[in-house]
Amino acid sequence: MKFNADEIASVIQAEIEKYESTIDVREVGTVLEVGDGIARVWGLSNIMAGEMVEFPTGVRGLAFNLEENSVGVIILGDYLGIEEGDEVKALGQLLSVPVGEAVLGRVLDPLGNPLDGKGPVATSESRPVEYLAPGVAARQPVREPLQTGIKAIDAMTPIGRGQRELIIGDRKTGKTTIAIDTIINQKHSGVKCFYVAIGQKESSVANTIKVLQDHGAMDYTTVILAGASSPAPLQYIAPYAGTAMAEYFMYRGEHALIVYDDLSKQAAAYRELSLLMRRPPGREAFPGDVFYCHSRLLERSAKLSNALGGGSLTSLPIIETLEGEVSAYIPTNVISITDGQIYLQPDLFFKGIRPAMNVGISVSRVGGAAQIKAMKDKQVAGGLRLALAAFRELEAFAQLGTELDAATQARLDRGYRMVELLKQPQYQPLDVVDQVMVIFAGNGGFLDDIPVSRVQAFEKEFLQFMRDLKPQIRNEIAEKKELTPELKAALTEAIQQFKLTFAKNA
């Protein structure tokens, strides 16, 4: 068999042209042991903290513990296919998630993979999951209101754009409902919303998504889901992933709202990972850095300075207490990081006072700065908190069965009507102008002669009356955002006119 020299030369020539002098250089290690969502890897001596690694099954992990002879890796996915002796390669990059307009209206896992069956997320942009919080010079004071649509909150513990307001209470006291109402109320405000569900039943999250869809809120909302069946590493990174997606809008000068539901389950997932990694346990078996775990997350919520575009990220972290134990480790940690808290009390909830907000313990450290002037007015929400707190004390005193003088009885009667007025059904947020008019009517004593059982009917019919017959008063309050003496007089007249037609005993 003869070889043709020209043929051989042409083959060699073609091979030389196709040759690329790129060398595949990567650091690889070996799995020493694996189980319970973590792996110990030997050989990755130059790996960074928080760097991504890849296992042969395609599952990724995150370098969590850098030890002298090995690296502790948390596995972000199914660890059952990974075996001892498998090769692990370092990817040289930090964990990042897809961001942009494309994530709105989607249900994603903490890695940005879709869970809603609507196909891949069509965006080329991504942001690192861990990002440094803006410093003092990069922020400005919180002054712009973020209306929740809930009378009791907007009047007594107002929330501003860029604030962190904790929602805290026992299970089944309406914590998620407050957060969902706030998201629904952002419909025409241009605020992008992110709901991070951590360690919850997937049926509960499905119900929440359905409520958001029914109210047209999914158009501007992203749900990040790490359910009860998700591995602990995914539950741990879920809030950071959601924050990265929300920060994208903040740094573009837009406004975003993020709900972490709830951080006590994320802390439990972090504790699980830390104990598996043999990190020394501290109080309640949590690792020593669990405070930093939450502080570096919540400090990323801010109102940016005008030089950086003036965008904002408002966060509503939720913490579940056990038997009302507000002084437990995680609740006290998060209370000290946030700018106030809304405390929901089970006995108020079971009495039918919903939202079941305890006025005495609930506070907003931003206060009146995050309210419009009309709401801050002395005749509206100005003295409402103190008046309600005083009413609670009087109520306890009256239960002793003592004889009360007429003035005390009158204060009690008005208190009962104000409590009734501040009740609000689920998923029915109120416009701030409607809230101002209703609270003005209650504080002005216009409901004093109306039976407590008819207060809610009064509110409903009065607001309808104002919309249909007195739209100019509503529009003027909405435009000026304050109650001038003329407006107060017009509003008083309108209330008196409505009372002539209102049937007190229907």
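Modeller: Start with the residues that line the largest cavity: A152, M156, I353, P355, M357, V359, L388, R392, V419, L422 and K423. This is a predicted model, where local features need pLDDT of at least 70, side-chain atom pairs count only at pLDDT 80 or more, and totals for chains, interfaces and linings use all residues. Residues are numbered from 1 along each chain as its sequence is written, and side-chain values use heavy atoms, without hydrogens or water.

Colleague: What volume does the largest cavity have?

Modeller: Rolling a water-sized probe over the atoms shows where empty space is left. A cavity is a set of points, on a 1 Å grid over the protein atoms alone, where a 1.4 Å probe fits but cannot get out; lining residues have an atom within 4 Å of a point. Volume is the space filled by probe spheres on those points, joined across faces, edges and corners. Here the largest cavity has about 110 Å³. Its lining divides into 9 nonpolar, no polar and 2 charged residues (nonpolar: Ala, Val, Leu, Ile, Met, Phe, Trp, Tyr, Cys, Pro; charged: Asp, Glu, Lys, Arg; polar: the others, including Gly). α2 (151–156) and α12 each supply at least two lining residues.

Colleague: How many cavities of 30 Å³ or more does the whole structure have?

Modeller: The search finds 2. P145, L146, D154 and M375 are among the residues lining it.

Colleague: At what angle do α12 and α13 cross?

Modeller: Packed helices are described by the angle and the distance between their axes. Axes are lines fitted to C-alpha atoms, for helices over the stretch in contact; angles run from 0 to 180 degrees between N-to-C directions. Helices are DSSP runs of H or I, at least four residues; strands are E runs of at least two, and both are numbered from the N terminus. α12 (384–398) and α13 (406–421) cross at roughly 115°, their axes coming within 9 Å. The contact (heavy atoms within 4.5 Å) includes L388 and R392 of α12 and V419 of α13. Its residues divide into 10 nonpolar, 2 polar and 3 charged.

Colleague: In what order do the strands of the open sheet run?

Modeller: Strands pair through backbone hydrogen bonds, parallel or antiparallel. Pairing needs at least two DSSP bridges. The 8 strands follow β8-β12-β11-β13-β14-β10-β15-β16, with mixed pairing. β8 (107–108) and β16 (363–364) are the edges. β11 (192–198) and β13 (255–261) run parallel, joined by 6 bridges. K192 has A256 of β13 as its bridge partner. Helix α4 (202–214) packs on the sheet, touching β8, β11 and β12 (221–226), at about 175° to β12.

Technical notes: On a 1 Å grid over the protein atoms alone, a cavity is a set of points where a 1.4 Å probe fits but cannot get out, and a pocket is an open set with protein on both sides within 12 Å along at least five of seven lines; lining residues have an atom within 4 Å of a point.
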